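I opened this entry to keep a record of what I looked up, going from the whole chain down to single residues.

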Amino acid sequence: MFSYIMLGTNDLTAAVAFYDPIMEMLGYPKAGRSDDGAAWGDLRSNRTTGFCIGRPFNREAATVGNGVMAAFSASSPEMIQQLYALALSLGGTNEGEPDYRPQYGEGFYAAYVRDLDGNKLAFV
């Protein structure tokens, strides 16, 4: 469905330091890097969804959209707990501890964090 997801950052160096270990745990390989952005995943095949962070193309400050969230698939509740703990250790903030959320469906287990720029992430 999606080719890639892009989130804005105002501090690319800090954002890469935050996302590199998370993407490694999720199994997304490093892809492109430039002075303006970074990417993980295979952006050429359209068989997977890539993830990108970067400075906005219009050179204005990156802002966070209310209601915008990127959700990453994890292989198990234990991995979700590990990703959540990792994100918090890297400076992310809690937006919802790992737990089952039956309101989203039977067996739905997730955790929510915000990255250093305030972008909301889910590990599902």
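I call a residue buried when its relative accessible area is under 20%, exposed when it is over 50%, and partly exposed in between, with a 1.4 Å probe and protein chains only. On that scale, buried residues make up 37% of the 124 residues in the chain.

I note here that this is a predicted model, in which local features need pLDDT of at least 70 and side-chain atom pairs count only at pLDDT 80 or more, while totals for chains, interfaces and linings use all residues. Residues are numbered from 1 along each chain as its sequence is written, and side-chain values use heavy atoms, with hydrogens and water left out.

**Whole chain**

I took helices (H or I, at least four residues) and strands (E, at least two) as DSSP runs, numbered from the N terminus. The chain has 2 helices and 8 strands, and read along the sequence they follow the pattern β-α-β-β-β-β-α-β-β-β. The radius of gyration is 14 Å, close to the 14 Å that the globule rule gives for 124 residues, so the chain is as compact as a globular protein of that length. For that figure the radius is taken over C-alpha atoms, and the rule is 2.2 Å times the number of residues to the power 0.38. Along the principal axes, the C-alpha atoms fill a box of roughly 40 × 30 × 25 Å.

I then looked up the surface, using the Shrake-Rupley method with a 1.4 Å probe, where for residues only the protein chains shown count as cover. The accessible surface of the chain comes to about 7,300 Å², and 50% of that belongs to carbon and sulfur atoms.

For charge, I counted Lys and Arg as positive and Asp and Glu as negative, leaving out His and the chain ends, and placed each charge at NZ of Lys, CZ of Arg, CG of Asp or CD of Glu. There are 9 positive and 14 negative side chains, and the centres of the two sets lie 6 Å apart.

A contact, in these notes, means heavy atoms within 4.5 Å. Among contacts between residues at least 6 apart in sequence, 53% join residues at least 24 apart.

**Strand S3 and its partners**

Two strands pair, as I use the word, if DSSP finds at least two bridges between them. Which strands pair with S3? Strand S2 (residues 30-33) pairs with S3 in the antiparallel sense over 2 bridges, and a hairpin of 3 residues joins S2 to S3. Strand S4 (residues 50-54) also runs antiparallel to S3, joined by 4 bridges. Looking at individual positions, I found Arg33 opposite Ala38 in S3, and Gly54 in S4 as the bridge partner of Gly37.

In S3 (residues 37-40), Gly37 and Ala39 point one way and Ala38 and Trp40 the other, yet all are buried. Ala38 counts as buried with a relative accessibility of 4%. Leaving aside neighbours within four places in sequence, Ala38 is in contact with Leu12, Val16, Gly32, Arg33, Phe51, Cys52 and Ile53. Ala38 and Pro21 are 17 residues apart in sequence, and their C-alpha atoms are 13 Å apart in space.

Arg55 is partly exposed, with a relative accessible area of 32%, and beyond its neighbours within four places in sequence it is in contact with Thr9, Leu12, Asp35 and Asp36. The C-alpha atoms of Arg55 and Ser76 are separated by 32 Å, at 21 residues apart along the chain.

Is Arg59 buried or exposed? At 58% relative accessibility, Arg59 counts as exposed. Most residues other than glycine have a negative phi. Arg59 has a positive phi of about 70 degrees although it is not a glycine.

Tyr104 lies in the loop between strand S6 (93-100) and strand S7 (109-114), and at 52% relative accessibility it counts as exposed. Its C-alpha atom is 18 Å from that of Ser75, 29 residues apart along the chain.

Lys120 is in strand S8 (residues 120-123) and is partly exposed, with a relative accessible area of 22%. Neighbours within four places aside, Lys120 is in contact with Val68, Met69, Ala70, Glu95, Tyr112, Val113 and Arg114. I also noted that the C-alpha atoms of Lys120 and Thr93, 27 residues apart along the chain, are separated by 9.3 Å.
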